[in-house]
Amino acid sequence: MTGHLRVATAICSAMFAGWLGLAGAPSVTAEDYILTIGGGYSPQGNQVSLEKNVLFLQRLLTEQLPRGVRHDILFSDGDSTGRDVQFHDPRRVPPANRLMAQFVGNDRYLGLEYRSHQVPEIRAGSNRRQVEQWFDEVGAKLQRGDRLLIYATAHGGKSDDEDNDHNTRLLMWNNESITVERLAERLETLPEGVNVAVVMVQCYSGGFAHLIFDEGDSKEGLASRNICGFFATVHDRVAAGCTPDIDEEDYQEYSTFFWAALGGKTRIGEPIERPDYDGDGGISLEEAHGHVIVHSDTIDIPIKTSGALLREYSKLPAEDSDDELVGLSSYDALLEHASPVDRAVLEQLCAKLDLDGSDRVEAANELAKRTKDEENDLNRRQRRSRRQRDRLKGRITGDLKERWPELANAYNPLVTELLTARCDEFIQAVESHEDYSEFTKLDAQLQEVETKKMDLDRRWVKCQRFVRVAENVALAANLPNVADAKIVDAYQRMLAAERGTFGAGGAAPPDVAEVAAGLINSPTASGPPEP
């Protein structure tokens, strides 16, 4: 690269610095790289929302980094013209088809359609070979101080490792996958001094928070590389998202809120209140993560790498112990140890959950228990209503097949007639049935119960989010008293990385002299923990 191009790149990099946890002052030769791994494991698992997540990030990069950044995208089947993306528009399903599927066939996958993906400028498909090749061809050429972001918007799988339940999997095309352990091994091959940030939104993504450990295993101790990460949910829960719905404004998942917080507007371009919790004028990755915890109304329990470190090396005081460790019993005392971001998150969750008083963590746990009890009651009601509905459905189906015995085979020519030329006759036969009105009433009631159950689950999740953040605050306060200096130092460096900022934020381009002096967006961290 020529000297002039390096200087130009340095200007962009300085505006980008800290996003990936730059350790120390930015170098005029430091560059930024993004690796996106996206898509499903097959066309049936490659929902259009995964494609739109990648497009959302591309728009954000264009707006925040107009000078450009290297962005390598591995997505589904790559450059193939095959129809690999699944989408659904319920308005395209004729009433006769809907009723036929409901009473005679199976309404699973009804209305799903497929097309080739529309992600521009991709590097290749999403598979193990391409991931390995990226690390061999691109990753190996990174230099000290360079910053790498890995963004995964895909599906995830549980760990197959009996000895390490955090060794979860990122699923890729053709039912392939990469584990936490394997990705950790590949990150170890990066040149020394490369700074890495990870954002993953798949199911069980929290397992990848253990990338901070050697071989992705907490039993092996902290890795020496600079890494921070943010994850949609914990290692043993599914995540929200992955929908074939074409209406992007309805998307409610981690990426939706995280990228919106950094970009200042939603997927559909509406401005949001920027979560500048510490009042410094910028939005850090930590603040974007906090914004997700507060505002995403989903089943996710988001976590970050610093929390994984704390849960491995710090501890809470034992019940009725005399030690001086910070506990959870006094909310006011806990807030004294909270960072501005954690304080804002805790206070806003208190408002959403109507928590008050001194022992709010216990109150949140009690609310979570009551919520589960309510959900169990709804489950019992739901089972009764479902049995009643299914009996009515059976009678309607039986009468339809008595009138048209040909319905026993979906490929009988008469079935095609009833869905096309004679569709009005078929619709009339169903909707005039003596049990149809009661069936639809019960079906609507079941949908209402399902909605109430989802609302209860979201309330339970908010309780878990509150308790988890509170625990992290106490664990952070206790860390210097229970861990050695190297662990504490590594934790501080990780915090500095998580508190890095994204993009230009609307500021004017920095002066080249300031870039050279290392004055732009420079966190205080100074390097990896000693091995």
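# A first look around strand β5

Welcome! You are looking at a predicted model, in which local features need pLDDT of at least 70 and side-chain atom pairs count only at pLDDT 80 or more, while totals for chains, interfaces and linings use all residues. Residues are numbered from 1 along each chain as its sequence is written, and side-chain values use heavy atoms, with hydrogens and water left out.

**The chain as a whole**

- The secondary structure comes to 16 helices and 10 strands; helices (H or I, at least four residues) and strands (E, at least two) are DSSP runs, numbered from the N terminus.
- The chain has 531 residues, and 55% of them count as buried.
- Among contacts with a separation of 6 or more, 78% are between residues 24 or more positions apart; a contact means heavy atoms within 4.5 Å.

**Strand β5 and its partners**

- Two strands pair if DSSP finds at least two bridges between them.
- Strand β1 (residues 32–39) runs parallel to β5, and 8 bridges join the two.
- Within that pairing, threonine 36 has tyrosine 151 in β5 as its bridge partner.
- Strand β8 (residues 195–200) also pairs with β5 in the parallel sense, over 6 bridges, and here arginine 147 stands opposite asparagine 195 in β8.
- Strand β6 (residues 169–172) runs antiparallel to β5 and is joined to it by 3 bridges, with glycine 157 opposite arginine 169 in β6.

**Salt bridges**

- A search of the whole structure finds 36 salt bridges, each being a side-chain nitrogen of Lys or Arg within 4 Å of a carboxyl oxygen of Asp or Glu.
- One of them joins the side chains of aspartate 32 and arginine 147 (2.4 Å, N to O).
- This pair links distant parts of the chain, with aspartate 32 in strand β1 and arginine 147 in strand β5, 115 residues apart.
- Both aspartate 32 and arginine 147 are buried.
- Another salt bridge is formed by glutamate 51 and arginine 115, whose closest N and O atoms are 2.7 Å apart.
- That pair, too, links distant parts of the chain: glutamate 51 lies in helix α2 (residues 48–64) and arginine 115 in strand β4 (residues 112–115), 64 residues apart.
- Glutamate 51 has a relative accessible area of 0%, so it counts as buried.
- Arginine 422 and glutamate 425 form a salt bridge as well, with their closest N and O atoms 2.9 Å apart.
- Arginine 422 is partly exposed because its relative accessible area is 26%, and glutamate 425 is partly exposed because its relative accessibility is 29%.
- Salt bridges also link Glu132, Asp136, Arg182, Glu185 and Arg186 in a network.

**The largest pocket**

- The largest pocket has a volume of about 430 Å³, where a volume is the space filled by probe spheres set on grid points joined across faces, edges and corners.
- On a 1 Å grid over the protein atoms alone, a pocket is an open set of points where a 1.4 Å probe fits, with protein on both sides within 12 Å along at least five of seven lines; lining residues have an atom within 4 Å of a point.
- The lining has 15 residues, of which Gly241, Cys242, Thr243, Met454 and Arg458 lie nearest the pocket's centre.
- By type, the lining divides into 5 nonpolar, 5 polar and 5 charged residues; Ala, Val, Leu, Ile, Met, Phe, Trp, Tyr, Cys and Pro count as nonpolar, Asp, Glu, Lys and Arg as charged, and the others, Gly among them, as polar.

Terms used
Buried < 20%, exposed > 50% of the residue type's maximum accessible area, 1.4 Å probe, protein only.
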